Amino acid sequence: MDRILNKFHKNHNLFYKVVLFVVTTFLIVYLFPKSGTFRYSFEKGKPWQSENLYAPFDFAIQKSAETIEDERQQISKESPVFFEIDTAKTNQIFKNFDTVFDRNFLDVNEPELTNNLYQFGAQIFSELYSSGVLSEGYNFDSERLISVLVNKTQNKTIPYAEFFLQTDLKAHIEAKVKNSDYEDYMSSYLSLFFDVVQPNTIYNTSLTESALSDRLGRIVLVRGRVDKGTLIISKGEVVQGEKLAILKSLESEYASQVWTEANYVWILAAYTVLVALALLMLLLFLRKYRIEIFSNNTKVTFIFFNITLMVLLTTLVVNYNSAYIYAVPLCILPLVLKAFFDARLGLFAHVVTVLLLGFVVANNYEYMFLQIIAGIVTILTVSELYKRANLFISVGQITLIYIISYFAFFVIHEGSVDGLKWENFLLFVLCGLATLFVQPLIYAYEKLFGLVSDVSLLELSDTNSKLLKELSDKAPGTFHHSLNVANLAEASANEIGANAMLVRVGALYHDIGKMSNPTYFTENQSTGTNPHDELSPKESAQIIIGHVIKGVELAKKYNLPDRVIDFIRTHHGTSSVRYFYNKQMELTAEFDPLDFAYNGPQPFSKETAILMMCDSVEAASKSLKDPTSTKINTFVDAIVASQIENAQFLNANITFKEIESIKKVLKHKLANMYHLRIEYPE
């Protein structure tokens with residue numbers, strides 16, 4: 001058991017990457033569509049650009065959505081509508097008529113007139129209830145046939161217009177009475193009908209909707225079948241009419257093919273293999289070309305997180321409305337990775353992400369071409385991200401590339417610019433605006449993952465920051481030395497194409513540990529007294545060596561990024577404190593040389609190697625007396641040669657050619673500092 005635990009502890013970084021790899025793979029596969037995918041893209045009225053297409057299986061030709069909707073509308077118009085007459089209420093209403101009539105026409109004393117008035121009123125009353133009285137109107141055509149139910153049984157079918165609306169009662173009675181011989185009794189008739197007339201017919205909602213639902217359910221969604229192996233469309237044939245309907249039916253059939261139990265495992269396994277291959281290529285790239293990133297689990301997690309985030313965002317947009325696919329700011333990915341790492345890694349990760357998204361989007365070739373081109377433009381154009389103007393200019397260029405590429409694809413498909421979808425250009429503009437969100441996103445990532453970008457480096461390079469102010473107050477000589485080293489290092493980095501901003505910041509902070517004992521370092525000794533005179537060489541060496549450890553502790557206290565702390569740890573590598581080492585040799589030959597050596601580690605990047613050279617050259621240059629160009633050249637060559645001889649640059653990714661370029665810069669800068677003119681050989 002202990003053996004297994006020891007093995008796990010020894011390889012815990014590798015185990016973590018394996019778990020991260022597996023989890024990311026399955027998460028991305030989970031986000032992929034769980035249905036069949038139609039491999040071809042086509043548009044109405046355009047030629048079929050693929051090879052001859054044969055039916056891969058038997059499938060039905062579906063009716064178009066417009067056809068089905070027309071059938072639904074027709075059925076809705078023709079479906080029976082049911083109204084029900086309340087017979088008990090009708091009988092009661094007719095009984096009330098006689099009673100109310102006698103009460104309203106009580107003052108008429110002539111029997112014959114009374115009988116005529118009654119007959120006239122009864123006729124109107126019968127007409128009102130001949131079909132039925134409704135309390136309100138309904139949204140039916142006047143000619144719509146209505147099935148009338150009496151005692152739950154269909155009695156007759158009449159047009160809707162034959163029903164009488166209670167709201168029309170006054171106008172109807174007034175019109176009838178005015179056209180009769182009984183206009184003098186208008187008020188009596190109005191009072192009679194308002195007291196007697198009540199609705200006796202109601203709309204039977206449940207029965208009507210049930211009948212409509214039954215008829216709609218019998219709509220046939222297909223209008224024929226295509227047998228397997230049948231030629232659907234030939235290459236170059238125009239997609240229209242029946243061909244278009246068949247292609248849409250086949251595409252719909254693919255989309256509706258939810259993974260079944262029989263093929264689920266196979267499709268899932270195939271997706272997993274392809275996603276795993278793409279992510280494995282990324283890991284292999286990191287291991288071969290970016291070993292320092294591969295060794296850092298936080299950075300690997302950060303890269304995988306951003307790839308998964310882009311797949312998730314694109315999937316959500318596709319599921320909502322695939323027309324908005326080009327509004328997804330995919331170029332944020334290479335921007336972020338370039339800000340924290342480098343352009344090559346950013347482009348590689350972007351291409352891997354676009355390959356994965358090819359499983360999610362339609363017209364994947366066009367989509368992948370546009371996104372890869374946009375990613376390349378992003379990497380080539382965006383430099384010095386901390387400068388806001390640069391970001392706006394680059395986003396404008398990215399948007400322009402999107403528009404030009406889309407326009408070219410449209411002309412290829414259409415053969416002209418007629419019917420160009422201008423709204424897609426707006427999507428590209430929105431995509432560009434969304435890309436500007438990279439600035440706050442970088443800030444958030446710095447806090448979440450403990451990374452550092454050029455934006456943070458720019459803030460750290462401010463000499464008015466609290467820590468550098470403190471260095472200036474407590475150790476002014478060290479502060480001045482750091483500024484000189486920063487200038488030398490920045491110029492050297494620019495010469496060989498290294499990260500100039502990073503090496504400048506590293507140079508400004510590399511000696512902050514000297515604040516603990518500033519007077520023990522010669523650049524801060526202004527009184528002429530040297531406290532080392534009272535110490536043994538070993539004690540003095542330990543104080544000098546200790547400024548590295550104290551600098552790391554101070555940097556962590558002030559939350560400096562790890563990339564900056566690396567400069568503090570490595571700027572002396574594993575070299576020896578030569579002055580006190582030689583002094584100890586004069587006293588006795590029996591001592592431990594490690595007591596006079598820095599703990600390291602050695603520089604492991606171009607930037608940290610540059611700082612070591614610049615720091616040593618600048619510090620030692622103070623000992624030069626009567627400097628000349630020849631002295632400076634010999635002096636720089638000797639210091640750098642000593643560092644190479646002691647294998648200080650063995651782990652740094654720096655070449656001899658780059659070292660020679662750095663030496664040339666140092667010689668030129670030192671000559672300027674001492675107001676000398678470089679003597680070039682004839």
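In the predicted model, the side chains of lysine 667 and aspartate 637 meet in a salt bridge, with an N to O distance of 3.0 Å. Lysine 667 belongs to helix H28 (residues 656-673) and aspartate 637 to helix H27 (residues 629-645), so this pair ties together parts that are 30 residues apart in sequence. The two partners were assigned to separate accessibility classes: lysine 667 has a relative accessibility of 16% and therefore counts as buried, whereas aspartate 637, with a relative accessible area of 27%, is partly exposed. The pair also takes part in a network of salt bridges that links Asp637, Glu660, Lys663 and Lys667.

The loop between H27 and H28 contains leucine 650. With a relative accessible area of 67%, leucine 650 is exposed. The C-alpha atom of leucine 650 lies 9.8 Å from that of alanine 609, although 41 residues separate the two along the chain.

In total, 16 salt bridges were counted in the model. Among them is the contact between lysine 514 and aspartate 511, whose side chains meet at 3.2 Å, N to O. Both lysine 514 and aspartate 511 are buried. A further salt bridge joins lysine 243 to glutamate 237, and here the closest N and O atoms are 3.8 Å apart. Lysine 243 has a relative accessibility of 25% and so counts as partly exposed; glutamate 237, at 27%, likewise counts as partly exposed.

Helix packing was examined next. Helix H22 (residues 500-509) packs with helix H26 (residues 606-621) at an angle of about 45°, and the two axes are 9 Å apart. The angle makes H22 oblique to H26. The crossing of these two helices is right-handed. On the H22 side, the contact is formed by Leu502, Val503, Gly506 and Ala507, which meet Glu607, Ile610 and Leu611 of H26. By residue class, this contact comprises five nonpolar residues, one polar residue and one charged residue.

In H24 (residues 562-570), the buried residues are Val564, Ile565, Asp566, Phe567, Ile568 and Thr570. These buried residues pack against four helices, namely H19 (454-460), H22, H23 (537-557) and H26.

Another packed pair is formed by helix H13 (residues 332-340) and helix H15 (residues 364-381), whose axes are 9 Å apart and meet at an angle of about 30°. H13 and H15 are therefore roughly parallel to each other, since angles under 35 degrees fall in that class. H13 passes H15 in a right-handed crossing. The contact brings Pro334, Leu335 and Lys338 of H13 together with Gly375, Thr378 and Ile379 of H15. Its residues divide into three nonpolar, two polar and one charged.

Notes:
Residues are numbered from 1 along each chain as its sequence is written. This is a predicted model: local features need pLDDT of at least 70, side-chain atom pairs count only at pLDDT 80 or more; totals for chains, interfaces and linings use all residues. Side-chain values use heavy atoms; hydrogens and water are left out. Axes are lines fitted to C-alpha atoms, for helices over the stretch in contact, and angles run from 0 to 180 degrees between N-to-C directions. Angles under 35 degrees count as roughly parallel, over 145 as roughly antiparallel, 65 to 115 as roughly perpendicular and the rest as oblique. A crossing is left-handed if the near helix is turned anticlockwise from the far one by less than a right angle, and right-handed if clockwise. Contact means heavy atoms within 4.5 Å. Ala, Val, Leu, Ile, Met, Phe, Trp, Tyr, Cys and Pro count as nonpolar, Asp, Glu, Lys and Arg as charged, and the others, Gly among them, as polar. A salt bridge is a side-chain nitrogen of Lys or Arg within 4 Å of a carboxyl oxygen of Asp or Glu. Buried means under 20% relative accessible area, exposed over 50%, partly exposed in between (1.4 Å probe, protein chains only).
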